[in-house]
Amino acid sequence: MFEVEQIIADHKDVIHDVVFDYYGRRMATCSSDQTVKVWDENDQGKWSVTSSWKAHSGSIWRVSWAHPEFGQVLATCSFDRTASVWEEVLGEKVAATMTPTRRWVRRTTLVDSRTSVTDVEFAPKYLGLVLATASADGIIRIYEAPDIMNLSQWPVQHEIANKFPLSCLSWNTSTYKLSSQLLAAGSDDMATITGKVFIFAYSENARKCVKVDTINDITDPVTDLSFAPNAGRTFHILAVASKDLYIVNIKGTTLSHVDCGNQLIQCMRTPRLSQKLIIIALFLLQFIKII
């Protein structure tokens, strides 16, 4: 049984993304109205906007929370060809009995892309404060904050060029063998009939992130993809949203396999009628140990 509550978001245009923070007590939304809103849940389970600001000069496609170990940090990306990193700071107390005011400060603007920045996502915590962006120019850029106390500095660590425009990306959060630092990206290119999902990993030999495989079974434009949380599996699950929903099982992901390009990938197309069941099953897999 579902209980659906409609929330008046007061965005002036379509909402492109909504993301919970690590604890599920805060949300961030972004919209074509060029604004970002942060929502907080009260003790009665009701959501309200606690911050709202104009973040870009174009439609904002995606928003991502950093791990709370690094503070209250957000990243956004936009049609204006930039990505931005924001940090929540506490202001002065208006009165001794009142809580300090909070506001979001832009710490940096990443301007390396020449085209729309279509996705942005923080890496898993164990990789440090690392941020990946995907752009319509087909380039994945990976940034790292060398000093987490100074979020104004985000040098580019890697640039990975691709032949096709990119629409989305996803980090693999699994720490299985601590060697499966996988990143997946999808393309919404409609001009060619070829694989639209690409798998990348960090190569010790090359000292950079490299493309290790293309999933050629998926040839329709890809709008989103996501790695499943690890639940004791010895393989990785990637869900891909396209004309249909695909579930991709990735096995053999130690660095020795990655360097040899020896990925074992199984791609399963799911009928549209069962897509909702698959999504629910992926959620339940978080709590089941699969041998």
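How many cavities of 30 Å³ or more does the structure hold? The structure holds two. The model is predicted: local features need pLDDT of at least 70, side-chain atom pairs count only at pLDDT 80 or more, and totals for chains, interfaces and linings use all residues. Residues are numbered from 1 along each chain as its sequence is written, and side-chain values use heavy atoms, without hydrogens and water.

**View 1. The largest cavity has a volume of about 50 Å³.** A cavity is a set of points on a 1 Å grid over the protein atoms alone where a 1.4 Å probe fits but cannot get out; lining residues have an atom within 4 Å of a point. Points are joined across faces, edges and corners, and the volume is the space filled by probe spheres set on them. The lining consists of Asp21, Tyr22, Tyr23, Trp65, Ala66, Pro68, Gly71, Gln72 and Val73. By class, six are nonpolar, two polar and one charged. Here Ala, Val, Leu, Ile, Met, Phe, Trp, Tyr, Cys and Pro count as nonpolar, Asp, Glu, Lys and Arg as charged, and the others, Gly among them, as polar.

**View 2. The second largest cavity holds about 40 Å³ of space.** Its lining includes Arg81, Thr82, Ala83, Leu110, Asp112, Thr133, Ser135, Arg141 and Tyr143. Strand 10 (130-135) and strand 11 (139-144) each supply at least two lining residues. Strands (E, at least two residues) are DSSP runs, numbered from the N terminus. Five residues of this lining are nonpolar, four polar and three charged.

**View 3. Arg141 of the second cavity lining also meets Asp137 in a salt bridge (3.4 Å, N to O).** A salt bridge is a side-chain nitrogen of Lys or Arg within 4 Å of a carboxyl oxygen of Asp or Glu. Arg141 is buried, with a relative accessible area of 4%. Asp137 is partly exposed at 25%. Buried means under 20% relative accessible area, exposed over 50%, and partly exposed in between (1.4 Å probe, protein chains only).

**View 4. Arg62 forms salt bridges with Asp119 and with Asp224.** The structure holds 13 salt bridges. From Arg62 to Asp119, the N to O distance is 3.9 Å. Arg62 lies in strand 5 (residues 60-65) and Asp119 in strand 9 (residues 117-122), 57 residues apart. Both residues are buried. For Asp224 and Arg62, the closest N and O atoms are 3.8 Å apart. Asp224 sits in strand 17 (residues 224-227), so its pairing with Arg62 in strand 5 ties together parts 162 residues apart in sequence. Asp224 is partly exposed, at 32% relative accessibility.

**View 5. Strand 3 (residues 35-41) and strand 4 (residues 47-54) pair in the antiparallel sense over seven bridges.** Two strands pair if DSSP finds at least two bridges between them. Glu41 stands opposite Trp47 in strand 4. Five residues lie between the strands of this hairpin, where Gly45 takes a positive phi near 80°.

**View 6. Ring pairs link Trp53, Trp65, Trp86 and Trp104 into a cluster.** Rings of Phe, Tyr and Trp (its six-membered ring) pair if their centres lie within 6.5 Å; planes under 30 degrees apart are stacked, over 60 edge-to-face and the rest tilted. The count comes to eight aromatic pairs. The Trp65 and Trp104 rings have centres 6.0 Å apart and planes at 70°, so the pair is edge-to-face. Trp65 lies in strand 5 and Trp104 in strand 8 (residues 102-110), so this pair ties together parts 39 residues apart in sequence. Trp65 and Trp104 are buried.

Note on methods: 1 Å grid on protein atoms, 1.4 Å probe; cavity = no way out; pocket = protein on both sides within 12 Å on 5 of 7 lines; lining within 4 Å. Helix = DSSP H or I, 4+ residues; strand = E, 2+ residues; numbered from the N terminus.
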